[in-house]
Amino acid sequence: MESLTKQEKWSLQGNTALVTGGSKGIGRAIVEALAGFGVRVHTCTNEPNLNTLLDEWRTMNLQVTGSVCDVSNHTDREKLMEEVSFIFEGKLNILVNNVGGGDIKPAVEITTEEFYSSMALNFDSCFHLSQLAYPLLKASGRGNVVSISSIAGIGALPGGAVYGSAKGAMIQLTKTLACEWAKDMIRVNCIAPGATRTPLAQWMIDDKELSERVLEKVPLKRFGEPEEVAAVAAFLCMPAASFVTGQVICVDGGRSVNLG
């Protein structure tokens with residue numbers, strides 16, 4: 001490991017990052033966490049509020065740029081990475097594959113369209129963007145990929161046959177890329193959040209009976225906050241985490257280890 005001061009080990013000042021899906025929830029929290037550490041961040045979203053968000057971040061003195069992109073679309077992903085390469089002059093320190101989602105329903109009810117849509121949004125985007133980012137990460141001299149999976153990719157979630165499979169594929173990709181790209185000084189890790197207080201999970205939070213059942217199995221007895229996931233993402237990108245690669249870190253209040 002290179003010789004760094006204590007302050008340098010815990011700093012991301014001057015780094016560059018691409019965070020997909022940064023307009024809300026975990027993605028927004030990661031954008032703000034990284035930018036708060038001095039990272040120049042580019043994010044993408046297909047939400048209509050991007051310009052409003054960019055204005056908000058400017059008032060917070062955060063260096064954030066953004067573009068409209070549907071990461072489930074192959075052509076959009078290529079255009080996004082071309083833009084990122086231009087903005088950051090061919091180098092990228094951090095890629096956060098955050099975009100995700102999908103239908104939670106019995107396997108026999110999943111349509112062909114829903115299957116391919118979920119795979120494109122969760123796994124295809126993660127794989128292809130990592131591919132496209134590789135030369136930029138390598139050129140930076142110290143690259144990091146952090147993919148946001150889910151504990152649904154580790155254990156069985158009722159109704160999560162396709163969603164969980166896509167998230168599980170992200171976990172396996174993390175392990176493989178960590179080994180393949182270590183020689184290029186690129187670390188690859190994965191975060192598997194549990195039930196987190198995001199707009200996508202609001203339907204579950206609002207259902208009192210369902211949320212009580214969910215929290216019964218969470219040792220800390222509460223939902224996670226997006227900022228708690230973002231804190232782990234930021235740490236994984238720091239020099240202090242320089243010997244951490246190929247790992248899946250659950251941020252779930254203990255849900256994944258609770259056999260009770």
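Predicted model: local features only at pLDDT ≥ 70, side-chain atom pairs only at ≥ 80, totals over all residues.
**Two helix pairs**

Two packed helices are described by the angle between their axes and the distance between the axes. Here are the two pairs with those values.

| Helix pair | Axis separation | Crossing angle |
|---|---|---|
| α2 (residues 25–36) and α9 (residues 226–237) | within 8 Å | roughly 50° |
| α5 (residues 112–140) and α6 (residues 161–181) | within 8 Å | roughly 15° |

Let's take α2 and α9 to begin with. Their axes cross at roughly 50°, which makes α2 oblique to α9. As for handedness, this crossing is right-handed. On the α2 side, the contact draws on G25, I26, A29, I30, A33 and L34, while α9 brings in P226, E227, V229, A230, A233 and A234.

Now for α5 and α6. With a crossing angle of roughly 15°, α5 counts as roughly parallel to α6, because angles under 35 degrees fall in that class. The crossing of α5 and α6 is right-handed. From α5, the residues involved are F115, S118, M119, N122, F123, C126, F127, S130, Q131 and Y134; from α6, they are V162, Y163, S165, A166, K167, A169, M170, L173, L177 and W181. That set splits into 14 nonpolar, 5 polar and 1 charged.

**I30, a residue of the α2 and α9 contact**

I30 sits in helix α2 and is one of the residues that α2 puts into its contact with α9. At a relative accessible area of 1%, I30 is buried, since the cut-off for that is under 20%. Leaving out neighbours within four places in sequence, I30 touches V19, V96, I148, A230 and A233. Two of those partners, A230 and A233, are also listed on the α9 side of the helix contact. I30 and E228 are 198 residues apart along the chain, yet their C-alpha atoms are separated by 9.5 Å.

S150 belongs to the loop between β5 (143–148) and α6 (161–181). Is S150 buried or exposed? Its relative accessible area is 8%, so S150 is buried. A polar atom of the S150 side chain lies 2.9 Å from the backbone nitrogen of A152. Not counting residues up to four places away in sequence, S150 is in contact with Y163, K167, I171, I191, A192 and P193. Among these, Y163 and K167 also turn up on the α6 side of the contact with α5.

Methods. Residues numbered from 1 in each chain as written. Heavy atoms only, no water. Axes fitted to C-alpha atoms, helices over the stretch in contact; angles between N-to-C directions. Helix = DSSP H or I, 4+ residues; strand = E, 2+ residues; numbered from the N terminus. Parallel < 35°, antiparallel > 145°, perpendicular 65-115°, else oblique. Left-handed = near helix turned anticlockwise from the far one by under 90°. Contact = heavy atoms within 4.5 Å. Buried < 20%, exposed > 50% of the residue type's maximum accessible area, 1.4 Å probe, protein only. Polar contact = N/O pair within 3.5 Å; in protein donor to acceptor, adjacent residues only side chain to side chain. Nonpolar A, V, L, I, M, F, W, Y, C, P; charged D, E, K, R; others polar.
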